[in-house]
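Student: I would like a close look at one part of this structure. Please take me through a salt bridge and its surroundings, step by step.

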Amino acid sequence: MEQSFSFGSWLRQRRKMLDLTQAELAQQLGCATITLQKIELDERRPSKEMAERLADVLTIPPAERAAFLQRTRGELAVDQLVVAAVQPAAPAPWRDKPCPSHHLPVPATPLIGRVQEVAAVVARLREPSLRLLTLTGPGGMGKTRLALAVAEQFVAVFPDGVTFVALAPISDPALVIPTIAQALRIRETRDQPLLDQLAAVLRHHRTLLVLDNFEQVLAAAPDVARLLAAAPRLQVLVTSRAALRLSGEQEYPVAPLALPDRDHLPNLAALTQYDAVALFIQRVCAVKPDFEVTNANALAVAEICARLDGLPLAIELAAARSRLFAPAALLARLRNRLQFLTSGARDLPQRQQTIRNTIAWSYDLLDAAHQQFFRRLAVFVGGWTLEAAETVCNADDALGVDVLDGLTTLVEQSLVRQVDGPYGEPRFRRLETIREFALAQLTASGEAGALRWQHASYCLALVETADLELREREPRIWLQRLEAEHDNLRAALAWAVQGAPNPDAPLLDGSASGELGLRLCHALWDFWRSRGYLREQRQWLAAALASTAGNDPAQRPLRMRALREAGELAEEAGDWEQAQVFYQEELGLARTLGDTLDAAETLVRLALLADDQSDQHGSARLLDESLALFHEIGAAAWGIHPLHYFGVVGLQLGDYARAFALLEDSLAHFQRVNDRTGSAHALRILGTTARDQGDYGRAEAYLLESLALFREVGDRPWVARILHGLGETALLQEQDVRAYALEAESLVLVRELGDKLFAAWPLLNLGHIAKHQGDTVQARAHVVESLTILHDAGKVFGIAACLAGLAGCAGRQDQPARAARLFGAAARLAVGYALAHRIELDSDVATARTLIDHGAWEAAWAEGQALTTEQAVAYALDEAAF
């Protein structure tokens with residue numbers, strides 16, 4: 001009697017014949033073990049999808065497949081399968097085993113950091129709808145290492161295997177499918193295309209393929225799409241310098257390792273937690289086991305990691321050099337990164353043996369036109385806009401590629417990054433290591449000089465346009481735009497004054513470049529001042545003047561203007577001797593050029609300088625000479641009302657009675673001709689003059705009228721300044737509540753306008769108000785912020801005022817010796833200003849003096865007076881004292 005079999009019994013025998021446990025078969029089928037148990041007990045039948053997978057896993061011959069599927073559904077008797085079940089079925093010739101195993105290379109070193117990135121990529125791959133995820137980024141970013149860390153998380157999730165496919169050794173797109181097949185241990189047959197064979201194997205398997213280094217075989221991307229379409233349970237994780245550009249693909253741009261803020265370094269424990277620093281330490285210790293980060297080398301370590309853009313490969317190559325070089329010496333040699341970062345580990349691919357090779361790998365994948373565009377972009381520093389790229393890189397209309405299309409390609413190839421600029425305007429950036437490579441290519445091409453000239457000309461046109469726009473009522477947009485371009489402006493200035501970073505980039509015309517430098521400095525005047533870059537402004541003006549030292553007659557008007565600006569900056573920094581040198585040369589040029597107006601104004605400035613240095617005789621002589629010139633040219637040719645001008649001069653010379661009379665006459669003139677802006681300024685100066693004389697009621701009346709006029713004409717910068725003036729007037733009358741409201745409104749408006757420098761003044765007064773209210777913590781916070789701004793700007797008077805404010809805080813915190821030192825330092829810096837006398841009479845001084853004996857106070861005051869400006873500021877900002 002012939003034995004009758006159920007499908008469950010047949011399946012159990014077949015499984016045992018293949019030497020598989022229930023758990024192993026269930027894993028290959030992608031189902032739970034309990035599900036397989038119920039099928040073998042005939043408690044349930046396999047679904048249509050599972051039946052298809054059973055046919056694959058059990059290697060049912062193609063001729064018997066249709067009947068097998070019918071029997072799994074009970075449509076045919078199972079008896080005829082019994083004979084087949086006890087006969088070992090030969091596996092298909094293109095299979096070594098029924099499913100791929102997990103095949104991941106084991107990294108030689110542990111992954112440092114990337115905790116957030118691993119979690120983010122794992123979360124993306126767990127999304128049911130995601131089939132293809134591409135990790136993109138430039139070479140050396142650690143894409144492969146990140147992909148391996150992610151893949152390791154999925155070994156238990158993909159029952160049919162997680163397979164790593166290394167594509168770096170191949171460059172022919174036709175070899176991608178054979179390489180995948182080889183990794184899956186699938187052999188090609190003659191009767192079926194290999195892609196179809198792969199699709200048949202993967203159709204019912206839950207598999208993760210990791211395709212590493214796809215950028216040089218992008219033409220094979222459609223084959224990946226076909227595999228994904230044929231195998232609905234397949235997921236693919238790709239690493240590539242460029243996306244595959246397939247439907248359904250999602251990108252995950254791999255960012256550089258986290259870096260500390262070099263300007264505000266954390267403590268050592270926190271510093272070593274930054275991924276870039278942690279990687280550097282780990283790799284240095286591999287060649288120098290006793291290495292550790294200390295307070296002495298912490299800044300150099302942070303600077304090394306930043307100089308290398310947080311690029312893992314670059315950090316590893318630099319760390320390998322630590323066998324011979326301490327961090328400071330290593331940092332010094334990173335001025336030429338491409339030449340220094342060589343000799344990588346011998347087991348690395350050739351393209352990763354040096355940073356140059358890594359970048360060259362991507363560069364060589366570009367066609368000639370895109371290579372030219374890539375190297376021309378090297379002239380930009382810190383980023384650029386589409387408009388800038390079009391103007392600078394295609395000035396000759398011979399680029400050979402559309403600029404927008406070219407940028408798109410370079411972004412896709414991870415050679416350029418797109419970021420958001422001010423007000424959503426797209427900007428483009430590149431890593432400094434990539435820019436250094438591009439700059440070398442630009443120099444070798446012979447185009448560097450022409451490109452630098454185009455770049456500097458573009459920057460000049462930008463800042464001269466901005467200079468006009470900043471004089472309008474809404475300067476914030478242009479201030480932010482210039483801030484975004486500041487590194488480019490610095491590069492243009494460096495080139496113009498013949499101090500470019502690359503001395504092999506020749507100047508096309510020394511005279512023209514000197515003029516360009518002077519024009520750049522002038523057009524940047526308002527930007528530099530409003531953003532607090534006064535120290536830098538002085539340096540650039542000095543460099544521009546040195547590069548045009550009076551040789552070219554055509555440059556004399558520009559030089560004369562620059563000398564006046566340099567003199568004003570020197571005065572503000574308290575360097576009266578240098579200011580006098582600048583003004584004397586300006587006066588000489590004015591007389592040479594026959595510019596009587598400039599000569600007259602320069603004589604006034606020299607007179608004021610003489611008065612500041614207690615040379616009343618010299619001051620009077622210069623002022624008389626100036627007045628004679630003003631009478632000579634007449635008010636009509638002057639363009640400003642002389643009453644107003646000499647009223648201001650009188651104030652500066654301390655002749656308040658005469659100044660007040662002149663200013664009131666000036667106000668009457670502006671009102672007769674309906675000049676609201678002139679009237680507003682006259683009222684402003686009258687108000688501050690009355691306030692300085694202690695006439696607070698009169699001062700407030702003038703300032704309120706000035707405020708109304710500035711609001712009428714829509715001059716928001718001056719509205720902010722008058723609000724501050726009113727706040728200061730209220731503060732002097734001890735009206736703290738009203739003063740706070742006025743100063744807070746001024747600060748909000750100033751910040752809206754982007755005027756960083758002026759924000760220091762309402763901040764300082766808000767600190768005074770908080771101090772009066774007994775909140776010394778908040779007071780110190782406001783004054784420290786003000787001091788930081790004014791110190792960066794080199795404003796000596798402001799620094800002195802802030803030191804005095806912080807001294808008052810120290811006194812109220814029972815630190816009389818510290819208060820005395822800070823008051824002493826403030827008084828020294830304020831010499832020549834009315835503030836010096838006010839400091840010694842400050843009520844905070846009197847209060848602090850009662851907390852310490854006379855000798856100790858005098859000694860501490862003397863110690864403060866002996867401090868340099870930098871030492872005083874550092875002492876004032878020392879958090880350890882609080």
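Tutor: Start with R519 and E464. In this predicted model, R519 forms a salt bridge with E464. Their closest N and O atoms are 2.9 Å apart. Now see where each partner sits. R519 lies in helix α26, residues 510-523, and E464 lies in helix α23, residues 448-469. The pair therefore ties together parts that are 55 residues apart in sequence. Check the surroundings next. R519 has a relative accessible area of 26%, so R519 is partly exposed. E464 has 29%, so E464 is partly exposed too.

Now set another pair beside this one. E303 forms a salt bridge with R307, and here the closest N and O atoms are 3.7 Å apart. Both residues belong to helix α14, residues 298-307. They are four residues apart, so about one helical turn separates them. E303 counts as buried, because its relative accessibility is 17% and the cut-off for buried is under 20%. R307 is at 24%, so R307 counts as partly exposed.

A further pair is E858 with R849. The closest N and O atoms of this salt bridge are 3.2 Å apart. E858 counts as partly exposed, at 36% relative accessibility. R849 is partly exposed as well, with a relative accessible area of 33%.

Salt bridges can also link up through shared partners here. R375, R376, D396 and E447 are joined into one network that way. To place your pair in the whole: a search of the entire structure finds 34 salt bridges, and the one between R519 and E464 links helix α26 with helix α23.

Methods. Residues are numbered from 1 along each chain as its sequence is written. This is a predicted model: local features need pLDDT of at least 70, side-chain atom pairs count only at pLDDT 80 or more; totals for chains, interfaces and linings use all residues. Side-chain values use heavy atoms; hydrogens and water are left out. A salt bridge is a side-chain nitrogen of Lys or Arg within 4 Å of a carboxyl oxygen of Asp or Glu. Helices (H or I, at least four residues) and strands (E, at least two) are DSSP runs, numbered from the N terminus. Buried means under 20% relative accessible area, exposed over 50%, partly exposed in between (1.4 Å probe, protein chains only).
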